[in-house]
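Welcome, and thanks for taking a look at this chain. Please have the sequence and the structure open as you read.

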Amino acid sequence: VELAEIEYIANSISSKTKAICYTDQFESNKIALFIEEGINEKALTAHLKDHLPSYMLPSKFIKIAALPLNKNQKTDFNQLKLYL
């Protein structure tokens, strides 16, 4: 599964959408999609179902106030793990 493809489809619904995929391959191998608050989860789910095969659909949606960034202004995946 290409996480970047899921993120691309999720972020293509709107220019305001900010979503990041995460999977822990050693534990559950399930896909979590982190989305910023204010995004319509039902519309996003329908959009993903229209554009992705069922095995690529996230099993969990996690709303957070803002995506955490590290000192290089990239997504801080260590901080995202705390929400799981």
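The notes below go through the sheet, the helices, the cores and the aromatic pairs of this predicted model.

## The sheet

Let's begin with the strands. Three of them make an open sheet in the order β1-β2-β3, and the pairing is mixed. The edges are taken by β1 (19-23) and β3 (60-64); each has a single partner strand, so one side of each has no neighbour in the sheet. On average, and with direction ignored, neighbouring strands here are turned by 25° against each other.

How many bridges join β2 and β3, and in which sense do they pair? There are five bridges, and the sense is parallel. Within this pairing, Ile35 has Lys63 of β3 as its bridge partner.

## Helices on the sheet

Helix α2, residues 41-51, lies across β2 and β3 and runs at about 140° to β3.

In soluble globular proteins, nonpolar side chains tend to be buried together. In this model, the largest nonpolar core has 13 residues. Those with the most contacts inside this core are Ile6, Ala10, Leu33, Ile35, Leu44, Leu48 and Leu52. At least two residues of the core come from each of α1, β1, β2 and α2. Another core, of eight residues, lies apart from it and includes Ile20, Ile64, Leu67 and Leu80.

Which residues does Ile35 contact, leaving aside its neighbours within four places in sequence? They are Lys18, Ala19, Leu44, Phe61, Ile62, Lys63 and Ile64. One of them, Lys63, is also the bridge partner of Ile35, and Leu44 is another of the residues with the most contacts inside the largest core.

## Aromatic pairs

A search of the whole structure gives two aromatic pairs. One of them joins Phe34 and Tyr83 in an edge-to-face arrangement, with 6.4 Å from centre to centre and 70° between the planes. This pair links distant parts of the chain, as its members are 49 residues apart: Phe34 sits in strand β2 (residues 31-36), and Tyr83 in the segment after α3 (77-81).

Tyr83, with a relative accessible area of 45%, is partly exposed.

Key. Residues numbered from 1 in each chain as written. Predicted model: local features only at pLDDT ≥ 70, side-chain atom pairs only at ≥ 80, totals over all residues. Heavy atoms only, no water. Phe/Tyr/Trp six-rings, centres within 6.5 Å; stacked < 30°, edge-to-face > 60°. Helix = DSSP H or I, 4+ residues; strand = E, 2+ residues; numbered from the N terminus. Buried < 20%, exposed > 50% of the residue type's maximum accessible area, 1.4 Å probe, protein only. Pairing = 2+ DSSP bridges. Axes fitted to C-alpha atoms, helices over the stretch in contact; angles between N-to-C directions. Contact = heavy atoms within 4.5 Å. Core = buried A, V, L, I, M, F, W, Y, C linked by side-chain atoms within 4.5 Å.
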